[in-house]
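Please read it with the sequence and the model open.

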Amino acid sequence: MKSYLGLIPQYERVHRKNNRISILCIMLSVCLVMAIFSMADMAMRSQKNYFIKTNGEYHAALHNVGAETAELVSARVDVALSGWVYQGSTGMLSGKTVSFVGADKKTMESLAEMGMTDGGYPSLPDEALLNESAMEQWGLSIGDNMTVTVPDGSQKQYRITGTFADMGSMLKADICGMALSEDGFLAIADENAADGTTYRIQFKDGTHIQEAIKEIKAQFGLSDGQISENTALLGLMGQSESNIMQAFYLIAAILVFLVLIAGTVMISASFNTNVLERTQFYGLLRCLGASRKQVKHFVILQGIRQSAKGVPIGQLAASGCIPAADRRFMFRLCGAGDQTANQKNRKTVHCGYHKTAAIANILLSIRSSI
Amino acid sequence: MIVPERQVMIMNILEVQNLCKTYGKGEAEVRALDNVSFSVGKGEFIAIVGESGSGKSTLLNVVGALDNPTSGKVLIDGKDIFSMPEKKLTVFRRRNIGFIFQSFNLIPELNVEQNITFPLLLDYQKPDQKYVEELLGILGLKERRKHLPSQLSGGQQ
């Protein structure tokens, strides 16, 4: 034994049962914290994917603004991507209402809710994407031509260059959707397009989005009705100032605090199961000449050693539980969604939470020891 | 020969002055030590005797700096131990006071040799192996060096 701390492994060898109980409590605490935070995070990411799919991945949208204003906004340093999404005009296709949407390819892919599934994006004014169920209904294929009644009542031929995924809102309203290039939409737009058209903005990572929105409002003299936020997405990013979201954040913070308290109490309870024995032992060390600091070091190192065993086991246990639970739980909670994206989320979450849970529980163990 | 008072004080290894120790409050108050004063010279061997509950253990605990008095002074080699800060007192006790407890207070998880060297490790000193061997020889515990306290007789402990 080269140091007084060499007493610790010998103490653990003799008090195996108590040591195992403490390690088990640490393991359960790690498992609990990791499982709860992982599943909460996965639920949030799944919801985020869902909202991106249904609303588009934009952070803010400008309404009734001119091209000059839009260009100036897009030139801002904190703007990653921006573009016009034209909507609002409708027509008829074989007796069924068709909703037109127009945007450039990049905007459509990143900021709009339409997800292209096959073929190529329309580049000419007489090319279009059609939604999948419409293609199926009329037995159409990519490359076919179709005649559509446009908003002004005239007939126009479009060549189908690709398809996009059906949207719930479209199926519910029993309408079909046609995605056109910017020029294609502008060629047929009517007065309804003015209300439905937005200039969508995606900010760079790390931007304080609410501050940026306020700045844009002030800089360009926009009214409250001319700029809106994508509340659902910003809420999940923790950047919404909506009252409902603020309430959710508060509830989430309280739950986080409660989970951490539960973890601390679990570990403390195991350390306190043999309070009398430990009190006598530390009193004995003091009688032999150990200072308060040395006794504290002894206790902390004991806690760290137990964490070093309990934390990895707890993480392994959590890693085993989460994938088994999430396939069933997340499927029901968040819908089918994008299974590939959900799988990717799972891996990302696990890696991130291993480190966070390990650090959090080592700190909890040290805190509980003291 | 008249010895100057200052020299008398230096020759005393231990001086206890008006030592009081009280436990509890009000009706449950117990005055374990009531103005105890005595001195012990260097090289002197004393025995403290008394009936059960007379305060012998309390006196030893206070004199050995294991407990704090309610009032009074304890001077060891001229130093007032209870005027020292707690850290300094711990080190002083570790280096200058040896205590054999009634219940032995051996660390049950350590063997004989480790129990002998442990206080030195607390003082961040490297045990002198030759000295440890000599001690084991004197105590007749050479063959028992790797035994735990629970494996020793009362006398050996």
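1. Terms of burial. A residue is called buried under 20% relative accessible area, exposed over 50%, and partly exposed in between, with a 1.4 Å probe and protein chains only. Asn64(A), with a relative accessible area of 55%, is therefore exposed. Areas come from the Shrake-Rupley method with a 1.4 Å probe, and for residues only the protein chains shown count as cover.

2. Basis of the note. This is a predicted model, in which local features need pLDDT of at least 70 and side-chain atom pairs count only at pLDDT 80 or more, while totals for chains, interfaces and linings use all residues. Residues are numbered from 1 along each chain as its sequence is written, chains are lettered from A and ligands numbered from 1 in the order in which they are written, and side-chain values use heavy atoms, with hydrogens and water left out.

3. Chain B in outline. Chain B has five helices and four strands; these are DSSP runs numbered from the N terminus, helices being H or I with at least four residues and strands E with at least two. Read from the N terminus, the order of elements is α-β-β-α-β-β-α-α-α. Of the 157 residues in chain B, 31% are buried. Its accessible surface is about 10,300 Å², and carbon and sulfur atoms account for 54% of that. Taking contacts (heavy atoms within 4.5 Å) in chain B between residues at least 6 apart in sequence, 52% join residues at least 24 apart.

4. The sheet of chain B. Four strands of chain B form an open sheet in the order E2-E1-E3-E4, with antiparallel pairing; two strands pair if DSSP finds at least two bridges between them. Strands E2 (30–41) and E4 (79–80) of chain B each have a single partner strand, so one side of each has no neighbour in the sheet. Strands of a sheet pair through backbone hydrogen bonds.

5. Pairings within that sheet. Strand E1 (residues 12–23) and strand E3 (residues 71–76) of chain B run antiparallel and are joined by five bridges. Val16(B) has Val74(B) as its bridge partner in E3(B). E3(B) and E4(B) are also antiparallel, with two bridges, and Ile76(B) is partnered by Lys79(B) in E4(B). The hairpin of E3(B) and E4(B) has two residues between the strands, and Asp77(B) there takes a positive phi near 55°.

6. Positive phi in chain A. Most residues other than glycine have a negative phi. Which phi value does Asn64(A) take? Its phi is near 50°, a positive value, and Asn64(A) sits in the loop between strand E1 (60–63) and helix H3 (67–74) of chain A. Asp174(A) has a positive phi near 55° and belongs to the loop between helix H6 (168–173) and strand E9 (176–180) of chain A.

7. Nonpolar cores. A nonpolar core is a set of buried Ala, Val, Leu, Ile, Met, Phe, Trp, Tyr and Cys residues joined through side-chain atoms within 4.5 Å. The largest has 37 residues, and those with the most contacts inside it include Leu62(A), Phe100(A) and Met146(A). Helix H9 (residues 209–220) of chain A gives the most to this core, five residues. A second, separate core has 17 residues, among them Leu7(A), Phe281(A), Val295(A) and Ile107(B). Beyond four places in sequence, Leu62(A) touches residues including Val73(A), Tyr199(A), Ile216(A) and Ile227(A).

8. Is Gly162(A) buried or exposed? Gly162(A) is buried at 0% relative accessibility, and it lies in strand E8 (residues 155–164) of chain A. Among the residues Gly162(A) touches beyond four places in sequence are Asp118(A), Ala128(A) and Ile142(A). Gly162(A) and Ser141(A) are 21 residues apart in sequence and 8.4 Å apart in space, C-alpha to C-alpha. Thr207(A), in the loop between strand E10 (198–203) and H9 of chain A, is buried at 12% relative accessibility. Leaving out residues up to four places away in sequence, Thr207(A) touches Asp78(A), Ala212(A) and Gln239(A).

9. A position in helix H11. Phe248(A) is placed in helix H11 (residues 243–272) of chain A. At 49% relative accessibility, Phe248(A) counts as partly exposed.
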